[in-house]
Every structure is written in C-alpha cells, then in structure tokens.
Amino acid sequence: MEQNRNNILEEDIGKLLESNLDFELLNNKTVLITGATGLIGSFLIKALLKLNHEKNTNIHLCALVRDTAKAKTIFGSAAERAELELLEADILEELSYPGTIDYMIHGASVTDSASFVQKPVETIEVTLAGLKHVLELAKIKRVKSFVYLSSMEVYGVTDETLTSVTERDYGYLDPLEVRSSYSEGKRMAECLCCAYAKEYQMNIKIARLVQTFGAGVRYEDNRVFAQFARAVIEERDIVLHTKGETIRSYCYISDAAEGILYVLLKGENGQAYNVANTEATLSICQMARMLAERYTKTNVRIEESDIQRFGYNPVVKMKMDTSKIQTLGWMPSVEIEEAFERLIASMCLEKDRSNE
C-alpha cells in the first residue's frame with residue numbers, strides 16, 4: 001500500500017497488526033465494512049490491506065461508500081488494488097452483492113451532534129432503516145459474524161453513584177427530547193440486531209464505542225477532541241460552551257479497531273461489549289486543562305451558550321467497565337496524553353498537506 005504521508009497513521013496500523021488476535025481466521029475471507037470512509041471504517045480497511053501485504057492473508061475487502069471519489073482520495077492507489085472493492089451504495093436503499101460475504105462490520109451512521117437536533121428524522125432513518133438493509137444483506141449471505149458499531153450513548157444518564165458502567169447499567173433517556181434521536185435510535189438498533197440474531201439464527205455482536213479519536217481525524221472535524229486539538233495547533237484558547245462537567249471514557253483509534261476485531265472474531269452471539277480505555281476517563285473541562293498545561297500557548301475559557309444549538313448531551317458521568325471485552329483477550333494500550341499527542345501530530349500533517 002502506498003505511503004499515506006501520515007507516519008502516525010502508519011505506526012498505528014503497524015501496532016494493530018502486532019496484536020495477539022488470530023488474524024488467520026480472516027485468511028481468504030471477504031469482509032464488508034459500511035461507513036468505510038469514516039475514521040474507524042477507513043482505519044480498519046487500511047489495516048487489513050496492510051495485513052494482506054505483510055502476512056499474505058488474502059482478505060477481500062468490500063468498502064461500502066456513498067461517494068466513490070471521496071473513497072479514492074482516502075485510500076489513494078490502494079483503491080485500485082484487486083483486494084479492495086469500492087461499492088457505492090445508499091444504505092437507505094435495498095443492498096445487494098453478487099459474491100460471498102464472510103464478515104460484516106456496520107459502521108455507517110450519523111455522527112455529527114448538531115445533526116441530531118437539526119435533522120433528527122434523518123438521524124433515526126439512517127440508524128434504523130439503514131441497519132435493516134445491512135442486516136438483510138447479512139442474512140442473505142449467511143455471514144459468519146456481524147458486528148454493529150453502537151455507542152455509549154445507549155446508556156443515557158446513568159446513576160452517578162456507579163463506580164463504572166457495565167453493559168447492563170442502563171440509565172434514563174427522554175424520548176421526547178429531539179436530541180434522543182441518536183441515543184434512542186442506537187438502543188432500538190441494538191434491539192433490531194438481537195431480533196435478527198434470534199429469529200434468523202444469525203451471529204451478531206455489538207461493540208459499544210466511546211468517543212474514539214486518533215490519526216486520520218480530518219482537520220475540520222467538529223467533535224470536541226478535534227476542536228481542542230485545532231486550538232492547540234493554532235495556538236489559541238480552548239473555548240468551552242458549558243462548564244465541561246460531563247465525564248466519559250475515551251479510546252484511541254488503534255485500540256478501538258483492535259477491540260472491534262476481537263468482538264468480530266471472538267465475541268459471543270447476541271452480546272454487547274464496551275470498547276473503551278477506562279484509564280482515559282476524565283471530564284471535558286479536565287481534558288481542556290490538561291491540554292492547556294501541556295501546550296502553554298493555549299488557555300481555557302468558558303463561554304456558556306445555548307447547548308441545544310450544538311446538540312450536546314445532558315451532563316453525564318460515566319466510566320466504562322471493560323471487563324467483559326477483556327475476557328476475549330483485548331486490552332487498550334494508548335493513554336490519553338499520548339492519544340492527544342498523536343492526534344495533534346496527525347492533524348498537523350493533514351493541515352500541511354491540505355495547504356500544499
């Protein structure tokens with residue numbers, strides 16, 4: 001595969017391939033990934049292409065994308081390789097594929113928080129109708145294993161007295177709040193996955209992801225970690241629109257990708273697994289101040305405003321419990337300080353490349 005011109009990303013992919021996971025299970029198999037141009041989907045595809053190159057695993061990758069031109073930009077000359085097949089399709093329409101599919105990872109989703117309140121109907125439609133079309137294809141192809149990429153948002157507002165949140169510690173969600181279009185949609189999507197698993201004897205697992213970031217994040221990404229990283233790069237203040245009291249766990253991209261593959265290949269049918277770095281648990285304010293301390297040309301300012309406009313969640317305080325996925329053999333390894341160092345370095349490279 002051609003050099004990505006992002007050595008941070010190349011290092012992360014190399015680290016994933018050093019995993020103890022039994023990659024031989026993927027030998028000569030076809031893997032279909034939706035949301036293939038997103039952060040996680042593109043990372044998985046690039047990693048599996050690298051696996052082919054280094055270990056001759058002969059994996060055939062089907063990347064389901066909405067925009068082929070965008071995909072070719074992301075994957076470069078690798079998009080011309082026979083083992084990577086770009087499938088341009090809309091998951092809101094019936095899906096078909098002429099060949100065999102052995103494994104599927106469904107990551108296509110609305111991820112922009114502002115869209116949850118500005119386009120809640122579309123958010124729900126992509127989550128549920130899109131998933132149904134993908135599951136129908138998986139049913140027809142009788143895939144060996146299917147992983148749905150869900151979210152920590154299915155937990156809602158949990159009991160603050162919990163020291164950590166297991167896969168069964170559900171909290172409160174208000175279905176009459178338009179912001180719940182994403183969270184409630186993810187809950188129902190998980191139920192739909194389990195319904196297909198039961199009714200059609202399908203092997204379906206769920207990976208509940210926390211906010212995941214790292215090399216490959218677009219410079220203009222508007223999620224909180226990218227906003228903070230841009231402020232550091234541009235040597236300006238980090239501006240908080242709330243007091244930043246929300247506490248959550250985070251995960252670095254290479255750790256998350258490895259966790260997803262563990263769930264795909266070793267997870268139990270019909271089960272959900274938290275994929276998070278419990279050591280990387282802190283409030284948004286703590287995150288901002290950590291960066292300000294490490295990068296002294298950046299300060300933190302709080303300018304509270306209408307959080308509805310930004311699509312922010314209500315204040316939650318959750319440290320994920322990952323003991324369940326650890327029983328599969330997975331452990332995260334990238335600490336939050338290193339995660340931001342690699343994110344910032346990668347975004348600097350992306351910025352420099354876009355200015356060339």
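Ser150 counts as buried, at 4% relative accessibility, because the cut-off for buried is under 20% relative accessible area. That makes a handy way into this structure, which is a predicted model.

**Around Ser150**

- Setting aside residues up to four places away in sequence, Ser150 touches Lys186, Glu190, Ile206, Ala207, Arg208 and Leu209.
- With Glu190 there's also a side-chain link: a polar contact of 2.6 Å joins the two.
- Glu190 is one of the buried residues of helix 6, and so is Lys186.

- At one end of the order, strand 2 (residues 60-65) and strand 3 run parallel and are joined by five bridges. Here Val65 stands opposite Glu88 in strand 3.
- At the other end, strand 6 (residues 204-209) pairs with strand 10 over four bridges, again in the parallel sense.
- Which way do the residues of strand 10 (residues 272-275) point? Ala272 and Asn274 go one way, Tyr273 and Val275 go the other, and all are buried.

- How far apart should the ends of helix 6 be? At 1.5 Å a residue, its 20 residues should span 28 Å, and the end C-alpha atoms are 28 Å apart, so the two agree.
- The buried residues of helix 6 include Ser180, Tyr182, Leu192, Cys193 and Tyr196.
- What covers the buried residues of helix 6? The cover includes helix 4 (113-118), helix 5 (120-141), strand 5 and strand 6.
- Just after helix 6 comes Gln201, which takes a positive phi of about 50 degrees.

- Another open sheet has three strands in the order 7-9-11, and its pairing is mixed.
- Strand 7 and strand 11 are at the edges, each with a single partner strand, so one side of each is left without a neighbour in the sheet.
- Neighbouring strands here are turned by 40 degrees against each other on average, ignoring direction.
- Strand 9 (residues 247-252) is mostly covered, with five of its six residues buried.
- On one side, strand 9 runs parallel to strand 7 (residues 211-213), joined by three bridges. On the other, strand 9 pairs with strand 11 (residues 277-283) in the antiparallel sense over four bridges.
- Tyr250 has a bridge partner in each of these pairings: Gln211 is one, and Asn277 in strand 11 is another.
- Ser249 stands opposite Thr281 in strand 11.

**Leu282**

- Leu282 has its place in strand 11.
- Is Leu282 buried or exposed? With a relative accessible area of 9%, Leu282 is buried.
- Leaving out neighbours within four places in sequence, Leu282 is in contact with Thr246, Ile247, Arg248, Tyr250, Met287 and Ile336.
- For a sense of distance, Leu282 and Glu136 are 39 Å apart in space, C-alpha to C-alpha, and 146 residues apart in sequence.

**The nonpolar cores**

- In soluble globular proteins, nonpolar side chains tend to be buried together.
- The largest nonpolar core has 93 residues, and the ones touching the most other members are Ile45, Phe213, Phe228, Ile260 and Phe340.
- Not counting residues up to four places away in sequence, Phe340 touches Phe213, Phe225, Met287, Met290 and Leu291.
- Apart from that core lies another, of 31 residues, including Leu95, Met104, Val110 and Tyr196. Tyr196 brings us back to helix 6, where it is buried.

Conventions. Residues are numbered from 1 along each chain as its sequence is written. This is a predicted model: local features need pLDDT of at least 70, side-chain atom pairs count only at pLDDT 80 or more; totals for chains, interfaces and linings use all residues. Side-chain values use heavy atoms; hydrogens and water are left out. A nonpolar core is a set of buried Ala, Val, Leu, Ile, Met, Phe, Trp, Tyr and Cys residues joined through side-chain atoms within 4.5 Å. Buried means under 20% relative accessible area, exposed over 50%, partly exposed in between (1.4 Å probe, protein chains only). Contact means heavy atoms within 4.5 Å. Helices (H or I, at least four residues) and strands (E, at least two) are DSSP runs, numbered from the N terminus. Two strands pair if DSSP finds at least two bridges between them. A polar contact is a pair of N or O atoms within 3.5 Å; within protein, one must be able to donate a hydrogen and the other to accept it, and residues adjacent in sequence count only if both atoms are side-chain atoms. The expected span of a helix is 1.5 Å times one less than its number of residues. Axes are lines fitted to C-alpha atoms, for helices over the stretch in contact, and angles run from 0 to 180 degrees between N-to-C directions.
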